[in-house]
Amino acid sequence: MNPKLFTMIAWDPPGYGKSRPPTKDFNNFYRTDATMASKLMKALNYSRYSVMGWSNGGVCSLILTANEGANCVDKLIVWGTNAYVNEVDRACVSKVRDPTTSWSESFRKTFIDIYGEEELYQLWTRWVDHYISMDDLCKKDLVNIKCPVLLMHGDCDPMMSSDHPLYLTKHISNITLHRFPKGKHNIHQKYVDQFNKLCEDFLTSN
């Protein structure tokens, strides 16, 4: 993203990254994190802004945008995200439950450098166990999203069912879907230039 065009604010929700302590509480965490993100923007004196969210952050972004409505959020960009969890999702996530066998060494090292090995494995295991126990994440919220939305999806995403982009486009009124036919869960890292161009064009369009 062009720093001359945008001010980017990235954050770690409570219990993640540099926002520790506290220990991450996964009880209703999507809504708690959405509320905390909204409070953060108010504390930073931003009354209007656009929101971007990936994966879990995408769920929080959908909830935040639905709750704040036209009061704060101008536009929303989400990718690799979903409004519910189905059996395919549970199977996908269960396959990567053990970082020692299902994560690449470089990917695992990135997170070990942040959390330490023991804390990372405990945090990830608790998230997986909680996630696969869930069903509805934010289905009822979608009708309240009225701002323009850009949804991006990798058609080879191994972390989720292929029906999620169809569901989101059906239940969000002002949404544009862009697919990456060979993309996986990390399209923002694999297709950096294309991803950034799509975001910039969307955010600067009328």
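Okay, housekeeping: the model is predicted, so local features need pLDDT of at least 70 and side-chain atom pairs count only at pLDDT 80 or more, while totals for chains, interfaces and linings use all residues. Numbering runs from 1 along each chain as its sequence is written, and side-chain values use heavy atoms, with hydrogens and water left out.

Let's start with K75. You'll find K75 in strand β2, residues 73–79; strands here are DSSP runs of E, at least two residues, and helices are runs of H or I, at least four, numbered from the N terminus. Is K75 buried or exposed? At 10% relative accessibility, K75 counts as buried (buried is under 20% relative accessible area, exposed over 50%, partly exposed in between, with a 1.4 Å probe and protein chains only).

So who's around K75? Setting aside neighbours within four places in sequence, K75 has contacts that include Y49, V51, C147, P148 and S205, contact meaning heavy atoms within 4.5 Å. V51 is 24 residues away along the chain, and the two C-alpha atoms are separated by 6.4 Å. The K75 side chain also reaches the backbone oxygen of S205, at 2.6 Å. And the charged end of K75 sits over the ring of F202, 5.1 Å from its centre; the rule there is NZ of Lys or CZ of Arg within 6 Å of the ring centre and within 35 degrees of the ring normal. K24 does this too, over the ring of Y16, at 4.5 Å from the centre.

Now, aromatics. Rings of Phe, Tyr and Trp (its six-membered ring) pair if their centres lie within 6.5 Å, with planes under 30 degrees apart called stacked, over 60 edge-to-face, and the rest tilted. By that rule we get eleven aromatic pairs. Take W79 and F195: centres 4.8 Å apart, planes at 65°, so edge-to-face. That pair links distant parts of the chain, with W79 in strand β2 and F195 in helix α9 (residues 192–204), 116 residues apart. W79 and F195 are both buried.

W103 and F111 are edge-to-face as well, because their planes are at 65°, with centres 6.0 Å apart. W103 is buried at 12%, whereas F111 is partly exposed at 26%. Ring pairs join W103, F107, F111, W124, W127 and Y131 into a cluster.

Conventions
A polar contact is a pair of N or O atoms within 3.5 Å; within protein, one must be able to donate a hydrogen and the other to accept it, and residues adjacent in sequence count only if both atoms are side-chain atoms.
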